[in-house]
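Please look over the chain shown here.

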Amino acid sequence: MKPHLFLVFGLLFCWKAYGQVTYSGNVIDALDKKYLEGVEVSVLGKNKVLTNSRGYFSISAIMGDTLQLSFPGFLERKIVLNEERFMLLELQDRARLLPTFQVKAEPYRFRFKDGKLYLSEDEPEAEKRLSQQVGLGTISSDSPQGGLVIYGPISYFTKRNRQLRQYEEKLEWLRRRAGYLEVIDSDSIRNELMAKYRLDRTQWDHTIVRFNEFHQAHEFLDWSKERVLNALREFFRIENYLSD
């Protein structure tokens with residue numbers, strides 16, 4: 001009885017060994033077609049190998065086995081083996097499945113695509129101010145990949161855009177104080193008041209500091225030149241009266 005069992009097991013082993021063949025191939029990135037090194041290629045429940053620098057692998061298997069490809073950052077792929085012994089296999093990067101969207105931030109325009117953020121130099125210049133650029137749309141229908149276009153909010157997370165917003169806010173603040181700056185920077189007004197109240201430059205500077213502190217609550221925002229000048233003349237008059 002035992003010889004018969006050994007014969008059966010021997011035949012099964014030989015059949016299994018005889019049925020095994022070598023499958024080989026290359027694994028590449030589905031988008032840029034570059035070879036992927038270090039991809040784990042395995043026959044489920046059996047052996048596994050890694051691709052080399054040329055994306056090449058070679059593994060023993062039986063027709064009908066399932067070949068599994070795994071690589072960090074890429075979608076896993078399974079293939080049922082058939083009579084084809086050499087294969088060219090593509091793996092899809094997970095990041096490239098994210099929607100394509102676009103970010104406008106004066107004076108630059110960015111585009112997030114395939115998991116990467118890059119400058120779109122061929123895009124038209126933004127026509128609206130940064131603070132007004134808020135919108136959502138779709139990429140043109142002739143785009144092969146489609147996706148979403150997002151204007152404004154996403155770019156607020158970038159350091160560059162924060163600097164642009166701060167600069168824009170500073171310009172707006174200066175614009176609203178134009179009347180004040182025109183008076184304070186005027187040599188003729190300064191010389192007139194210094195001569196009238198017999199002040200030297202240090203005394204003038206100290207008086208202007210007190211004048212600014214007195215009006216700190218509103219910072220002269222949206223004041224006209226005439227209003228600032230009248231307030232400054234009155235302040236000097238009161239300061240002179242109190243000092244006598």
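## Overall make-up

The protein chain holds six helices and twelve strands. This is a predicted model. Of the 244 residues, 31% are buried.

The exposed surface comes to about 16,400 Å². Carbon and sulfur atoms supply 56% of that area. Among contacts with a separation of 6 or more, 50% link residues 24 or more positions apart.

## Confidence

The average pLDDT of the protein chain is 76. A score of at least 70 is reached by 64% of the residues. Residues 122-139 have a pLDDT below 50, yet this stretch has 50 contacts in the model beyond near neighbours in sequence. Residues 143-157 also have a pLDDT below 50, with 51 contacts in the model counted in that way. Where pLDDT is low, the predicted coordinates should not be read in detail.

The largest nonpolar core has 18 residues. Tyr180, Leu193, Trp204, Ile208, Phe211, Leu232 and Phe236 touch the most other members. H6 provides the largest share, six residues.

Leu193 touches Trp204, Leu232, Arg233 and Phe236, leaving aside residues up to four places away in sequence. A second core is separate and has 17 residues. Val39, Val43, Ile59 and Phe74 are included in this second core.

Is strand S1 largely enclosed or largely open? Strand S1 spans residues 21-29, and seven of its nine residues are buried, so the rest of the structure largely encloses it.

S1 pairs with two strands named here. S1 and S4 run antiparallel and are joined by six bridges. In this pairing, Thr22 stands opposite Ser60 of S4. S1 and S7 (residues 86-91) pair in the parallel sense, also over six bridges. Here Gly25 stands opposite Met87 of S7.

Met63 and Gln20 are 43 residues apart in sequence, but their C-alpha atoms are 7.7 Å apart in space.

Terms used:
Residues are numbered from 1 along each chain as its sequence is written. This is a predicted model: local features need pLDDT of at least 70, side-chain atom pairs count only at pLDDT 80 or more; totals for chains, interfaces and linings use all residues. Side-chain values use heavy atoms; hydrogens and water are left out. Helices (H or I, at least four residues) and strands (E, at least two) are DSSP runs, numbered from the N terminus. Buried means under 20% relative accessible area, exposed over 50%, partly exposed in between (1.4 Å probe, protein chains only). Contact means heavy atoms within 4.5 Å. Accessible areas come from the Shrake-Rupley method with a 1.4 Å probe; for residues, only the protein chains shown count as cover. pLDDT is the predictor's confidence in each residue, from 0 to 100. A nonpolar core is a set of buried Ala, Val, Leu, Ile, Met, Phe, Trp, Tyr and Cys residues joined through side-chain atoms within 4.5 Å. Two strands pair if DSSP finds at least two bridges between them.
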